[in-house]
Amino acid sequence: MHRLRASLPFVFLLITVACSPAPRADRVVIYSGRSEAFVQPVLDAFAAAHPEITVDIKYGKNTELAALIAAEKSSPLADIFLTTDMLVPLGAVENGIFAETDIPGTAAIPAALRDSRGRWYSVTARGRVILYDTDLVTAAEVPQSMLAVTDPRWRGKVAFADASNGPFQAQVAGMMLLLGQERTTAWLQALVANDTHFLASATDLRTAVGNGEFAIGVANHYHYELQRREASGNHVGIVFPDQAADEMGVFLNSATVSIVAGAPHRSAAETFAAFLFTPEIQRLFADVNYEFPVVPGVTITSGATQIDDFRPAAVAMDRAASLAPTAISLMQAAGIP
Amino acid sequence: MNTSRPRTAWVSSALSIVLALLVILPIVVLLSDAVGTYSRVALPPSSLLSRLTGNSIGLAVGAALVATLIGGAQALLLTQRAGWVLRVWRVIVVLPLAIPPYIVAMCTSALLRPRGLAERWLVEAGLSTWGSLPFAAFYGLPGGVIVLGCALAPMVYLPVAAALERRSSTIDDAARVYGLGHFTAFVRLTLPVVVPAAAGAAALVACYAIGEYGVPALFRIPTLSTAIYSRYGGSADRSGAALLSIPLIIGAAFLLQIADRGAPRTTDRTPADWRPFPWRAGGSRAIHGVLVMGSMVPLLLPLSVLAYFLQLPDRHGFGTVDSQRLVAAAFQSLGLALATATLATLASLAPALALRTGGRIGRFAARLCQYGNATPGIVVALAVVVATHTVAPWARAGVFPLLLALVLRTLPQSTTTTANALLPVAHRYHDVAQTLAMTPWQILTRVVLPVARPGVIAGWVLAAITTLKELPATMLLHPAGSDTLAVRIWMPAADGLYAAAALPAFVLVLLALVPLAVVTWYAPTTEAPRA
């Protein structure tokens, strides 16, 4: 009896080891920076269409998973990498962690939204917008340009993401291309000088704006769609900024898919990647989060803004990506946490 | 004291050195990252750096103070008498340890943030209007300090209570014989026992607080630790994070030195001469009541908020919890926790023995084993992945890398608890055993381990609970396709879907609460017979 009790922990140890998944032939392993709520509907559809392929998925933060794939480079475990930020695959392509592919159905995607060598493809796009609390700010008062949110009248009333936020980094890199480093630096310093709040979580930001903690917040367009559908704190408005001819336009970013170089289940991975660009899945992938499909001709069904409703910023994302490290240092040097 | 060291001391010292190398491996990886890329890293501007450091120190010192005030007062009040009511309270004050600070922070934030549940209820009841009460004060250092301090108070209560109960009551008898008043006896006899234990525990709390990510992030307090995570999360370039980790590790090493001073060295207590320590405060019943009731808050507040979320209807359909998946995640978490606790406890025997009986090098290696606390979890996780892929690629899939990372994360705590469990095994046991011509192995298995067993088992349970609560390494290294509870909680919570996070959080808290309550109830330090 005594021996039995003493050996119990080892039994648990064995059970744990035995429970870890065994390798299967028809399997695809996904590392996803896009969270479960916005991926599971697609996985369900995939399971229905391809019952022979088992999907094993690990969720996390974009860059942490990219670091994990890089650490596993010598003998990869993942097949597919999903992100919510174009800068992540752009920043990692030179590491050689992504395979060069030609996924069926991707030819019509605008060239700015995919890699010319097929190492990453945008799956859905999103725009960088200004949210405002409609109880505190009228549509007439709200700034119509990113450059106007540093106006002293908004002192202490504006919320941004912090310097770790990919879309914010991409925006700053894009501004460096369009405005030059000097004006971008001045804008960042003006943000900090104006007592702007920098929050760690985008959900925190949209909730805070919706609840009147901040008059204005800068976020992705779908945060507006999500917040206005909340049970409370849903008095939010949206501005697609910088639409005048001499202004920057709306900064676009995207959720992406890549196939990992040396993926252990390459053919299943290609099947999954191609599945994402079929019209129904394009619509589904966009609909769950009110994003823009990237395959021309597919429109979202949820009655939200379409990608043609505003003028995007003319920024070459690969050039923006090469500026991203400088952009991050500028943000941190300005005092953005 | 025997002049020649027992052979077990050599073995344990050698094993400690191996373990210490494993523990410092991630730190070496981190530092080489920092050194290798120093030239192209823009150091954060000194204004930001000083703000981050200031906030880290503020959070650490503040949380340590709050935890010491609460935990110390609880220890003084709850060790003065015996009886089953007090025994129940002694369990209750320890239970907040079962709730991960990120769940406490999530629940407190949902309740007290502006337009949170509390304000909504007040407005709906007609007692207030939106924005007229200062709920915005919730954010910032004071809120973070209070929440973290309350959540970590058991870390002070446990060692202070143990120190109070360990002291021989004959001292107090002597004090009474010499006619010392209660106050004088308290200042001259009790405080000297309480202060070192409390200072050591406070240093550990501070050490934990500077590494904490969830609480400062939710309270919008930018600290060194949140900056490290945001740099790991913000770019593939890890050098900035590595640089920021250096002051964190130095701070932690410094704090651990203080903690070590406060740790009990040895004890001559034999079970028979202990009895409840007769410290009586004037009007203690009222203080007692208030304090003890207050102790329920850190436990009941998160549990009630979780219960509230559980009964909410789910609007988006995201909250539908797949019960089969939840059960699988619970088993996975439990299996990992038990396996990690077992491995970490076994591994901790070596540094714990080295701390008690080893030479200078052995003790130094054992100390290093306690430093893993300061390394951010994500650093440990990535270092383990690189090491596994290089050294043992056949073990790279499955649960092994996660298990190794968890053991490394738990080892510092296990080393401390096991070393404390070995305290009653005074050197004279060794001497007696050697006189009886027992082999070192016999001494270990027949004398040392049986005497230390209750403490080792308690440490094993605590290690399992710590593993259950671990987030960063578990998030990154769990095998794809198999979830743990921590992952099930983090994913929806990161999207603000608290209702979906509530059930797995509830399960996790229950899994940790029950064994913690059992261990505390049977804690070896209570209820010795009166002389």
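Biologist: How much accessible surface does chain A have, and what share belongs to carbon and sulfur atoms?

Modeller: Keep in mind that this is a predicted model. The accessible surface of chain A comes to about 12700 Å². The share belonging to carbon and sulfur atoms is 55%.

Biologist: What does carbon and sulfur supply in chain B?

Modeller: Chain B exposes about 22300 Å². Of that area, carbon and sulfur atoms supply 69%.

Biologist: How many helices and strands does chain A have, and why can it be called as compact as a globular protein of its length?

Modeller: Chain A has 11 helices and 10 strands. For 337 residues the globule rule gives 20 Å, and the radius of gyration is close to that, so chain A is as compact as a globular protein of that length. The radius of gyration itself is 22 Å.

Biologist: What percentage of chain A is buried?

Modeller: A residue counts as buried under 20% relative accessible area. Of the 337 residues in chain A, the buried ones make up 60%.

Biologist: Which residues of helix α3 in chain A are buried?

Modeller: Helix α3 spans residues 62-71 and is mostly covered, with 9 of its 10 residues buried. The buried residues are A:Asn62, A:Thr63, A:Glu64, A:Leu65, A:Ala66, A:Ala67, A:Leu68, A:Ile69 and A:Ala71.

Biologist: How far apart are the centres of the positive and negative side chains in chain A?

Modeller: Chain A has 24 positive and 34 negative side chains. The centres of the two sets lie apart by 5 Å.

Biologist: How far apart in sequence are the parts tied together by A:Tyr121 and A:Phe277?

Modeller: The whole structure holds 11 aromatic pairs over all chains. A:Tyr121 and A:Phe277 form an edge-to-face pair, 6.0 Å centre to centre with 65 degrees between the planes. A:Tyr121 lies in strand β4 and A:Phe277 in the loop between α9 and α10 of chain A, so the pair ties together parts whose separation in sequence is 156 residues.

Biologist: Are A:Tyr121 and A:Phe277 buried or exposed?

Modeller: Buried means under 20% relative accessible area, exposed over 50%. Both A:Tyr121 and A:Phe277 are buried.

Biologist: Which residues do ring pairs link into a cluster?

Modeller: Rings pair if their centres lie within 6.5 Å. Such pairs link a cluster of A:Phe160, A:Phe168, A:Trp187 and A:Phe198.

Biologist: Is A:Asp195 buried or partly exposed?

Modeller: A:Asp195 is not a glycine, although its phi is positive, about 60 degrees. A:Asp195 sits in the loop between α6 and β6 of chain A. With a relative accessible area of 42%, A:Asp195 is partly exposed.

Biologist: And A:Asp242, is that residue buried or exposed?

Modeller: A:Asp242 is not a glycine either, yet has a positive phi of about 55 degrees. A:Asp242 lies in the loop between β8 and β9 of chain A. At 1% relative accessibility, A:Asp242 counts as buried.

Biologist: How many helices and strands does chain B have?

Modeller: Chain B has 531 residues, and 55% of them count as buried. The tally for chain B is 21 helices and 0 strands.

Biologist: Which residue with a positive phi follows helix α5 of chain B?

Modeller: Helix α5 covers residues 117-124 of chain B, and its buried residues include B:Leu117 and B:Val123. After α5(B) comes a residue whose phi is positive, near 75 degrees: B:Gly126.

Note on methods:
Residues numbered from 1 in each chain as written. Chains lettered and ligands numbered in written order. Predicted model: local features only at pLDDT ≥ 70, side-chain atom pairs only at ≥ 80, totals over all residues. Heavy atoms only, no water. Helix = DSSP H or I, 4+ residues; strand = E, 2+ residues; numbered from the N terminus. Rg over C-alpha atoms; globule rule 2.2 N^0.38 Å. Buried < 20%, exposed > 50% of the residue type's maximum accessible area, 1.4 Å probe, protein only. Areas by Shrake-Rupley, 256 points an atom, 1.4 Å probe, with all protein chains shown as cover. Lys, Arg positive; Asp, Glu negative; His and termini not counted. Charge placed at Lys NZ, Arg CZ, Asp CG, Glu CD. Phe/Tyr/Trp six-rings, centres within 6.5 Å; stacked < 30°, edge-to-face > 60°.
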